[in-house]
Amino acid sequence: MKAPGARAAAAADDHTAEPDHPFGRSTAVFAQFDGPAHLLRSANPAFHDILGTDAAALGRPLAHSVPELAEQGLTALLDDVYRTGRPYSGQDILVRLDAGGHSHEAYFDLTVEPRHRHGSRQVCGVRLLGVDITPVRHAQALAAEQRALLEQIARDAPVHEVLAGMTRTIEELSPGVIASVLLADPDGLHLRHGAAPGLPDFYNEAIDGLPTGEGMGSCGTAAHRRRPVVATDIATDPSWVDYRDLAHRAGLAACWSTPIISSTGRLLGTFAMYHRTPRAPQPSDLALSSAFARIAALAVERHRAEEARAIAEAKEKAAREDLAFLLQAGTALGRDLDYEQTLRHLAELCVPDLAPVCVVDAVADGRMRRIAALAAEPRAQHLLDVHADGAAPAPEPPGSTRIARGAPDLPGPWAALDVTGHVRIPLRERGRGYGTLTLLTTGDDPLDWRRVALAEELAHRASTVARHARQYRDRARLAHDLQAGLLLADMPELPGGELAAYYRPAGEGLDIGGDFYDVFALPGDRWAFMIGDVCGRGAPAATITALVRHTARAVAPLLGDPVAVAGAINTALLERAPDSGGDFVTLVYGHLLSRPDRLDIDLVRAGHLMPVHHRPGRPPEPVRSEGMLLGAFPDAVPEPAALRLRAGESLVLATDGITESRDRGGREFGEAGITRALARVQPVTAPDVVSTVTSAVARHTAGVPTDDDQALLVLTAR
């Protein structure tokens with residue numbers, strides 16, 4: 001390793017700064033002194049540059065030329081070498097200098113050697129060799145600070161914390177500099193305050209939001225040009241015309257700004273170095289600015305990447321939550337096939353998840369009626385309940401979602417609820433509005449776009465479900481009305497006998513069933529009765545049922561026996577249009593005549609279940625009669641059967657919906673189920689017979705839904 005003197009000699013003639021190093025290169029100083037007063041005999045230019053002396057210092061004591069050295073003990077060090085004749089060598093010697101009125105610190109590796117008179121050992125002076133290692137010390141400090149900043153970036157420290165630390169580092173490494181970082185908006189059109197602890201607050205506030213462009217100070221112009229901009233004198237620089245007074249108030253005279261550019265070439269912000277006196281930057285200043293601009297770019301890029309990731313995660317989480325909410329909402333809305341209940345569920349879903357208050361209004365018969373009014377707070381709910389409005393003239397529902405401040409133009413206790421804003425969302429059915437979903441906000445919590453979008457989706461889904469519920473209600477009502485028209489509204493009073501019937505449609509009663517029964521009077525104190533089953537359901541089944549009943553009622557008074565009536569019905573079915581569908585009917589048709597002690601019955605069975613003759617105290621028996629179903633063959637003529645019902649005896653007529661009902665294991669109730677039920681209980685009235693059979697069927701199925709209509713007709717002799 002070279003001695004300090006050798007290092008000084010090697011660098012004595014080189015005072016230039018390395019252009020690629022922020023702090024230049026180490027400089028060697030050399031000087032010789034005479035006598036105990038240390039008169040400067042000779043010195044290299046670097047000595048004069050660093051200590052702020054010139055040729056006038058030659059021949060003068062060092063303490064007079066640079067008095068601060070005496071105060072720091074350096075002249076005492078020269079005294080010791082001169083007095084003892086022993087050389088001194090030291091490293092990292094801190095020296096505080098005042099050159100040209102500017103104080104600064106410098107670090108030296110020093111060697112002080114005694115000088116002897118020629119040919120003798122007498123000390124006549126000292127020789128000083130020194131290497132200014134301040135650039136090395138600064139470079140080490142810079143590297144340490146850069147490492148610390150990079151570690152902050154790596155551990156995801158807040159970007160403003162990193163930028164504040166960076167500006168403080170610059171100001172410590174370059175005394176007199178005031179550092180500032182501005183961050184660009186995503187569109188790159190404005191700069192926002194990032195970090196500038198050394199600038200006054202009023203200045204930072206004034207340039208927060210600075211536009212990018214020509215004439216926008218050093219920073220706005222540098223951001224626009226995407227290259228460094230130097231203003232050596234703000235007072236005369238054209239880029240500072242509009243901000244000159246602001247800079248003067250802040251005591252700023254020079255500004256060098258470097259754009260902060262991302263790895264993809266996107267503007268991230270600017271890094272600026274201010275001075276309080278006009279000054280041109282040295283190469284070291286520009287190198288330092290460039291180095292910290294790169295660090296700032298890393299910090300801002302990392303911050304924006306984390307922000308983007310957090311936003312993406314938040315959106316993904318919100319999307320999952322919204323999807324789960326809508327799935328649950330779909331289940332809740334479809335819970336009941338009831339029009340008004342669906343709209344009430346809609347309000348329940350909105351409060352409190354979407355809004356603190358919600359009302360649902362719907363038009364009915366030209367009037368607006370409030371279907372639901374809910375609030376999250378008990379007091380608010382009480383006000384809504386007290387203010388329950390009746391029907392009012394129906395206003396025109398909005399064509400689209402309306403968002404507004406204040407209360408809506410709807411009846412309600414809005415002032416008492418302190419309503420501050422509302423959203424009205426139309427409820428539509430086949431493109432026409434029939435009501436509104438109104439969300440109301442109180443206090444300082446306006447509805448954001450996400451909640452409005454969810455409410456719109458809920459309104460759309462609820463409208464669809466409500467439309468289906470209304471269609472279901474109307475269809476079920478229509479099916480019920482049509483079915484009632486095909487059945488007897490009231491059982492007639494049967495002379496000498498008693499009638500009872502049971503009918504249960506399959507499913508939820510949306511279709512008209514194919515099962516039917518009828519009882520009507522004939523001339524001569526006779527009565528006709530029938531029970532049948534049409535192949536199919538819905539409107540075609542209703543048409544066939546009506547045809548069979550009307551044909552029977554039309555021809556029975558003219559024809560003498562059930563066989564002829566069944567033949568007429570068969571002919572009527574065969575004469576229908578060929579493409580009208582499968583018009584097949586199973587039927588039991590009969591005539592009865594009341595006698596003083598019995599009912600005389602003549603009947604035919606056309607492909608239907610056998611009637612059951614129930615006699616209390618004796619086993620029930622089927623009434624056997626052969627015959628093919630009607631509507632299939634021209635010669636389908638059933639065989640007649642006769643029956644006498646004594647007092648307390650019954651004729652039980654059922655459809656296959658009764659016998660084919662199944663238990664959980666798939667086992668049918670069967671015709672034997674009817675006879676078993678009647679044999680076990682022994683009912684004696686027509687209603688008791690019906691109750692006995694239907695109860696047995698209910699126990700057998702145990703809640704298993706049936707897919708066929710069930711009909712039962714009982715004639716009991718009194």
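Two strands are taken to pair if DSSP finds at least two bridges between them, and helices (H or I, at least four residues) and strands (E, at least two) are DSSP runs numbered from the N terminus. The model is predicted, so to speak of local features pLDDT of at least 70 is needed, side-chain atom pairs count only at pLDDT 80 or more, and totals for chains, interfaces and linings use all residues. Residues are numbered from 1 along each chain as its sequence is written, and side-chain values use heavy atoms, with hydrogens and water left out.

Five strands make up an open sheet with antiparallel pairing, in the order β18-β27-β26-β23-β24. Its edges are β18 (497-504) and β24 (621-622), each of which pairs on one side only. Within the sheet, β23 (residues 612-614) and β26 (residues 650-654) run antiparallel and are joined by 3 bridges; H614 stands opposite S650 in β26. Helix α19 (residues 670-681) packs on the sheet, where it touches β23 and β26 (contact: heavy atoms within 4.5 Å), and its direction makes about 5° with that of β23. Axes here are lines fitted to C-alpha atoms, for helices over the stretch in contact, and angles run from 0 to 180 degrees between N-to-C directions. Helix α20 (residues 686-701) lies across β18, β23, β26 and β27 (710-717), at about 25° to β18.

Attention now turns to the nonpolar core, defined as a set of buried Ala, Val, Leu, Ile, Met, Phe, Trp, Tyr and Cys residues joined through side-chain atoms within 4.5 Å. Buried means under 20% relative accessible area (1.4 Å probe, protein chains only). The largest such core has 32 residues, of which L343, V360, L437, L439 and L458 touch the most other members. Elements that each supply at least two of its residues include α11 (283-333), α12 and β12 (357-364), while α15 gives the largest share, 8 residues. Apart from neighbours within four places in sequence, V360 is in contact with residues including L343, L346, A347, I371 and L437.

Helix α12 (residues 339-350) has 12 residues and reaches 18 Å from its first C-alpha to its last, close to the expected 16 Å, which is 1.5 Å times one less than its number of residues. Among its buried residues are L343, L346 and A347.

Over the whole protein chain there are 20 helices and 27 strands, and 48% of the 718 residues count as buried.

Technical notes:
Buried < 20%, exposed > 50% of the residue type's maximum accessible area, 1.4 Å probe, protein only.
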